[in-house]
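Reader: I would be grateful for a close look at one part of this model, followed by an account of how its surroundings are arranged.

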Amino acid sequence: MRVVTAGIGHRAGNVLSILKEAMPEVEFVGYYDPQPSRLDMIGEETPRFDDIAEMLGQAKPDLFFVGSPNSYHLEHIKLGLEAGVRIFTEKPVVTTREDTFELARLLAEHGTDKVMVGLVLRYSQHMVDLRAVLDQLGPIASLEANEHIAPYHGSFFMRDWRRKTALSGGFMLEKCCHDIDIYNMVTHSRPTQVASFGGSRSFLPEFAPKTNAETEISQRKASVWESTSDPYRSDGDIIDFQTAILQYESGASMSFHTNLNVPDEHRRFCVIGALGMAEGDFVRGYLKATLRDGTVIADHDYSNMDQKFASAHYGADHMMVADIAAFLRGDTDSLPVGVVDALEAGLAAIALDEARTTNSVVDLRETWEEFDSYGLRA
């Protein structure tokens, strides 16, 4: 299994090193990155290329990993499709509505099976166990969910290239597309109308650290490419909190809240159906599902998960790679999530930011009509 990568930062290095563990037959035969920071995770001897098309042509890979900054994904995926190579791309797949429809056109031509995507929460044990009982909850009526990250992680976003919407697509798209995707899965539908509010209230000069301990926290997670040193006085244009309301095609509705400055972080969800409910937390490690008569049909404690796995998206990185390895070897013919799911979650995230910046309710029904016109779902 010959593998090349565009981008070899910490995220790409982590996923690729896990892939090597799962598939010892993997051979890293090329990388493209003008500023590699985690080459050690795939091997310093991996050949370097200064041009992606040249790398794809000369290295003749079986798999092309797209781990470059988000705004470059479309260009790199297009090169992979043109080269006829199977692709794994990190999320979000693309950063704009225009790029979404351009990629939809390319996928209609080349096939959606050519592209796998790293929406890792779909692979998590939480979602495996939720899917097992979801039908018993009846039609989903309403949901509430959040993603709250700790100050050290929020500080990273304010120092990293992700602070610039032009590169990342914005925080809701960059970080919360996972969440939007799994709630599309839960409702078996897509948002039709969205509203959103948010801004910056924490990462401001007046709240800059006043102690060495707080300064150390704000610098804990390293940034390399296009970075800045001070998260409280950065040139970023992303926001540090956002609340959203979504109405789905199915008739369900959801409230969602994200904040980048939560000392006791959590990532909770509550799914309420006509026949029961499920609640859980990725960070605090549990899932409980209860029928309306009080019968508990699922009660899982993930807090004692092996630390090797718990450190990487609640164990989902290893689960994702195991599934991908099985898929690449032909041991399974499907994955829990695909590129079409990712594009739909991305369009919803983009609409949420449009709603926030225009102070309006955004109607997505025409968007889905246009998206569906490419025939990407059989």
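Which residues does F64 touch, not counting residues up to four places away in sequence?

Author: This is a predicted model, and the description below should be read accordingly. Leaving out residues up to four places away in sequence, F64 touches V4, T5, A6, I52, M55, L56, H76, G80, V85, R86, I87 and F88. F64 belongs to the largest nonpolar core, which has 112 residues; within this core, F64 and L103 touch the most other members. The largest share of the core, 11 residues, comes from helix α12. In soluble globular proteins, nonpolar side chains tend to be buried together.

Among the residues that F64 touches is T5, which stands opposite Y31 in strand β2. Strand β1, residues 2–6, pairs with β2, residues 27–32, in the parallel sense, and 5 bridges join the two.

Helix α12, the source of the largest share of the core, spans residues 339–358 and includes D341. With a relative accessible area of 15%, D341 is under the 20% limit and therefore counts as buried. The side chain of D341 makes a polar contact with the side chain of R377, at 2.7 Å. Apart from neighbours within four places in sequence, D341 is in contact with R122, D181 and R377.

Helix α6, residues 151–159, is also mostly covered, since 7 of its 9 residues are buried. The buried residues are H153, G154, S155, F156, F157, M158 and R159. The elements that cover them include α8, residues 171–187, and α9, residues 212–218.

The cysteines complete the account. The structure holds 0 disulfides. For C177, the closest cysteine sulfur is that of C176, and because the separation is 8.0 Å, the two are too far apart for a bond. C270 is likewise in no disulfide; its nearest cysteine sulfur, again that of C176, is 18 Å away. Both C177, at 3% relative accessibility, and C270, at 13%, count as buried.

How values were computed. Residues numbered from 1 in each chain as written. Predicted model: local features only at pLDDT ≥ 70, side-chain atom pairs only at ≥ 80, totals over all residues. Heavy atoms only, no water. Helix = DSSP H or I, 4+ residues; strand = E, 2+ residues; numbered from the N terminus. Buried < 20%, exposed > 50% of the residue type's maximum accessible area, 1.4 Å probe, protein only. Polar contact = N/O pair within 3.5 Å; in protein donor to acceptor, adjacent residues only side chain to side chain. Contact = heavy atoms within 4.5 Å. Core = buried A, V, L, I, M, F, W, Y, C linked by side-chain atoms within 4.5 Å. Pairing = 2+ DSSP bridges. Disulfide = S-S within 2.5 Å.
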